[in-house]
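Biologist: I am new to this structure and would like to learn how to read its features. Could you walk me through them one at a time?

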Amino acid sequence: MNYQLEVSNITKSYGDLKANDTVSLNIKDSSIHALLGENGAGKSTLVKIIYGSLMPDSGEMRWGGNSYSPKNPFEARENGIAMVFQHFSLFESLTVEENIILGLDGVGLNQNFTDEILKYSKQYGLDVNPQQVVGDLSVGARQRVEIIRCLLQNPKLLIMDEPTSVLTPQEVSDLFVTLKKLAADGCSILYISHKLEEVREICSEATILRGGRLVQSCVPQDHSQKELAEMMIGKKLTELARSKINVGSEIFSINNLSKKSDDLYGVDLENINLTIRQGSIVGIAGVAGNGQDELMELLIGEKSSGDGVLSFNGQDVGLLGSHERRQLSMFFIPEERLGHGAVPDMSLDENMLLSRPDSSGMTSSGVIDWSSVASYSEKVIDDFNVQTPSSKMLAKSLSGGNLQKFMVGRELIRNPELLIVSQPTWGVDAGSANNIHQSLISLADNGSAILIISQDLDEILSLCEQIHVLSEGKLSEAVDMKNNGLEKISQLMVGGES
Amino acid sequence: MNESLFINIIIGISIASTPLIFAAIGELLVERSGVLNLGVEGMMIVGALLGFIVQFHTGNPFLAVFAALLGGMAISSIFAFLTQFLLTNQVATGLALTLFGLGFSAFAGRGYTEETIVLIKAIHIPVLSDIPFIGPLVFSMNPLVYLAFLMVYLVWWFLFKTKQGLILRSIGDNHDAAHAIGHNVVRYRFMAILFGGAMAGVGGAFLSLVQVPIWGEDMTAGRGWIALGLVVFASWQPFRIILGAILFGGITVLQLHAQGFDIRISAQYLSMLPYLATIIILVSLRIRLKNKTNRTVPNCLGRIFHSTS
């Protein structure tokens with residue numbers, strides 16, 4: 001068997017923490033190889049070592065049979081290793097073509113690259129316009145730009161760090177077609193993901209890491225999703241189930257909400273109606289970009305929705321700001337973690353305090369009681385298994401999944417009467433997602449109402465009793481799940497009539 | 001208006017705007033790399049002093065300009081070291097640099113306040129410079145004036161026609177992404193800051209080597225701040241620096257000539273114009289950019305880059 005890349009016994013420590021502890025990984029020629037693990041399992045560290053951004057403390061690598069120890073990403077690229085980053089490394093103010101040239105070594109500006117870009121664009125079904133400014137592109141299009149940038153280096157190994165976490169289902173299936181074609185053309189792919197169903201769909205091997213150590217290398221199709229998830233987290237997954245569904249009286253309603261978007265590329269919301277009862281979990285499914293962001297802004301109170309359209313416990317809340325809504329026990333977890341959900345340059349403690357209503361006991365007469373704040377954040381860190389050295393760390397220093405766990409926990413420990421959450425498990429690994437789901441369920445079991453807006457249909461199906469679909473700014477009626485419900489949801493998601 | 005008066009005004013404007021062009025084009029490159037250096041005034045005054053001292057002792061204008069260039073670079077290297085390696089706040093460090101430059105030059109220049117030097121002369125090309133009208137306007141300027149225009153062209157060419165320039169712009173747009181694909185953010189910024197210092201130094205030297213043959217404390221008189229405003233006025237586009245500098249320089253010259261023509265407008269109003277224009281440009285830029293991806297203001301301007309991997 002020929003291996004393109006052999007990694008043996010790599011160890012990398014940060015102080016006392018062993019991010020990688022004698023990890024080995026072998027990638028075959030022309031294969032799609034999955035790298036699985038929870039947040040903080042050491043996937044990123046390993047990948048950075050392969051890509052030359054980090055130097056290992058010990059261990060060795062072989063590339064195409066020869067000894068390989070890159071000192072920087074340039075050397076990795078010279079050898080034919082390319083990488084698509086999780087947080088895209090694109091420059092918004094530059095054009096697609098300029099962006100692509102930037103990632104290519106030894107290419108000047110005088111060469112005309114447009115044809116070359118279009119060639120790859122055509123060959124692998126990656127639709128881009130070289131002269132467009134990247135800032136105006138959708139997330140999916142940006143990823144296509146990144147992939148083309150990598151392909152122009154004729155890589156023998158393409159590393160993809162959670163490529164599907166921001167894509168719509170259609171974009172995901174387009175991406176898979178591209179990846180399979182690439183592998184068939186001789187380019188191996190190292191595919192990092194939390195999404196086990198995807199891994200089972202396109203990967204032929206999988207390497208699983210946990211706590212910086214190698215758990216197992218296996219063929220993902222030989223195991224069920226649940227088994228893979230359990231290998232990742234090292235313990236059994238809890239089955240999700242509502243112990244008691246105790247639906248009480250109506251707590252929140254949206255009445256004939258229509259709103260034109262201020263944004264050029266935004267979606268106008270049209271006549272949205274929704275009722276939520278105590279103790280129920282309501283889901284809004286739909287493909288991204290169908291008005292989710294616009295709806296969330298109005299629900300949170302970042303933008304005013306006007307008189308008489310939002311009612312919480314009989315009170316009109318449409319004109320209240322988000323802080324005032326929190327005082328009434330409406331809590332929110334927005335999708336964008338850095339910027340909307342947390343202040344990147346502030347510590348977890350400070351972020352904890354910022355979203356609290358005045359009555360939280362963290363302040364007395366306006367003076368902050370830091371030890372009380374810290375005890376709250378430490379409780380969240382423990383309960384939700386947030387991987388961080390302390391609650392004094394800056395929000396931006398946490399990985400996306402870890403920060404998400406912190407933000408979900410921050411709102412959940414308040415026992416809100418109503419929790420509105422967008423993409424609760426976006427970028428979160430299976431074990432922690434399970435944990436978050438379990439917490440949402442027990443919150444509802446205790447009588448709180450929850451509204452979940454998510455693109456992850458499995459998540460909606462497993463949690464929600466009442467499911468609506470948002471499509472082109474219109475919200476469907478609750479879908480009757482007994483009668484071909486799933487089929488109806490799919491139809492609604494792609495914009496068909498039910 | 002007679003011909004010689006017109007020619008005098010044009011030459012006056014070119015003399016007034018050249019120091020601004022030098023300082024602003026240097027700062028433009030610095031800001032394109034994502035660094036805000038508010039120390040322009042301080043770097044200019046150090047350049048003015050060093051140029052003067054070397055000209056006084058050697059009488060060699062090449063050495064004088066070169067000394068000013070090195071002086072500006074040296075003082076900017078302090079800023080570069082502090083902001084790029086010790087990650088200090090750029091605004092505070094830049095302000096400190098200006099204060100330091102003003103104080104240092106006043107101190108080091110004490111012995112020279114009574115002295116005069118030989119100014120750098122405008123060139124005279126036989127035949128060409130003698131062409132009526134065109135000759136004095138195009139072929140008889142001070143050599144540093146031509147150099148200033150050349151620098152603007154070179155900066156434009158570098159930024160938009162070379163790979164290195166593209167990398168520099170990308171660092172100003174998103175330094176984390178530039179770092180991730182393996183470009184050395186700190187090295188590019190360090191070099192850009194040194195270039196900015198060199199240009200500010202030459203711009204300062206123009207004041208003491210071309211405009212007046214003396215050295216005086218505070219002789220930059222706020223030109224470093226106008227240069228900073230000019231970069232915004234130019235919306236970070238090199239050639240617009242020339243336009244802005246001529247406008248700003250022109251206002252200075254007009255102030256002088258307005259008195260000659262007995263136009264009754266208070267000098268204070270004219271002095272306000274450059275700043276007013278900068279504010280108007282800023283607002284109109286914002287309006288024009290509404291709902292569009294910003295392609296001019298460097299997104300990382302003033303932000304500290306701290307590599308995490």
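Biologist: Where in chain B is B:Leu128 found?

Modeller: B:Leu128 lies in the loop between α4 (90-108) and α5 (134-139) of chain B. Helices (H or I, at least four residues) and strands (E, at least two) are DSSP runs, numbered from the N terminus. Before we go on, note that this is a predicted model, where local features need pLDDT of at least 70 and side-chain atom pairs count only at pLDDT 80 or more, while totals for chains, interfaces and linings use all residues. Residues are numbered from 1 along each chain as its sequence is written, chains are lettered from A and ligands numbered from 1 in the order in which they are written, and side-chain values use heavy atoms, with hydrogens and water left out.

Biologist: Is B:Leu128 buried, exposed or partly exposed?

Modeller: The words have cut-offs: buried means under 20% relative accessible area, exposed over 50%, and partly exposed in between (1.4 Å probe, protein chains only). With a relative accessible area of 35%, B:Leu128 is partly exposed.

Biologist: Which residues form the nonpolar patch on the surface?

Modeller: A patch is made of residues with over 30% relative accessible area and no salt bridge; like charges are joined within 9 Å, and nonpolar side chains (Val, Leu, Ile, Met, Phe, Trp, Tyr) within 5 Å. Here B:Phe6, B:Ile125, B:Leu128, B:Ile131, B:Phe133, B:Ile134 and B:Val138 form the patch, with about 500 Å² of accessible area together. Such areas come from the Shrake-Rupley method with a 1.4 Å probe, and for residues only the protein chains shown count as cover.

Biologist: Now to charges. How many salt bridges are there over all chains?

Modeller: Side chains of opposite charge can pair when their charged atoms come close. The rule used is a side-chain nitrogen of Lys or Arg within 4 Å of a carboxyl oxygen of Asp or Glu. By that rule there are 14 salt bridges over all chains.

Biologist: Which side chain does A:Asp21 meet in a salt bridge?

Modeller: Its partner is A:Arg213, at 3.1 Å from N to O. This pair links distant parts of the chain, with A:Asp21 in strand β2 (residues 17-28) of chain A and A:Arg213 in strand β10 (residues 213-218) of chain A, 192 residues apart. A:Asp21 is buried at 12% relative accessibility, whereas A:Arg213 is partly exposed at 46%.

Biologist: And which side chain meets A:Lys28 in a salt bridge?

Modeller: That is A:Glu205, at 2.9 Å from N to O. Again distant parts of the chain are linked: A:Lys28 is in strand β2 of chain A and A:Glu205 in strand β9 (residues 205-210) of chain A, 177 residues apart. A:Lys28 counts as partly exposed at 24% relative accessibility, and A:Glu205 is buried at 14%.

Biologist: What does A:Glu411 form a salt bridge with?

Modeller: A:Glu411 pairs with A:Arg326, their closest N and O atoms being 3.0 Å apart. A:Glu411 sits in helix α13 of chain A and A:Arg326 in helix α10 (residues 322-327) of chain A, 85 residues apart. A:Glu411 is buried at 0% relative accessibility, and A:Arg326 is buried at 11%. Through shared partners, salt bridges join A:Arg326, A:Arg410 and A:Glu411 into one network.

Biologist: How do the axes of helix α13 and helix α14 of chain A cross?

Modeller: Axes are lines fitted to C-alpha atoms, for helices over the stretch in contact, and angles run from 0 to 180 degrees between N-to-C directions. The axes of α13 (residues 400-412) and α14 (residues 430-445) of chain A come within 11 Å and cross at roughly 15°. Angles under 35 degrees count as roughly parallel, over 145 as roughly antiparallel, 65 to 115 as roughly perpendicular and the rest as oblique. α13(A) and α14(A) are therefore roughly parallel to each other.
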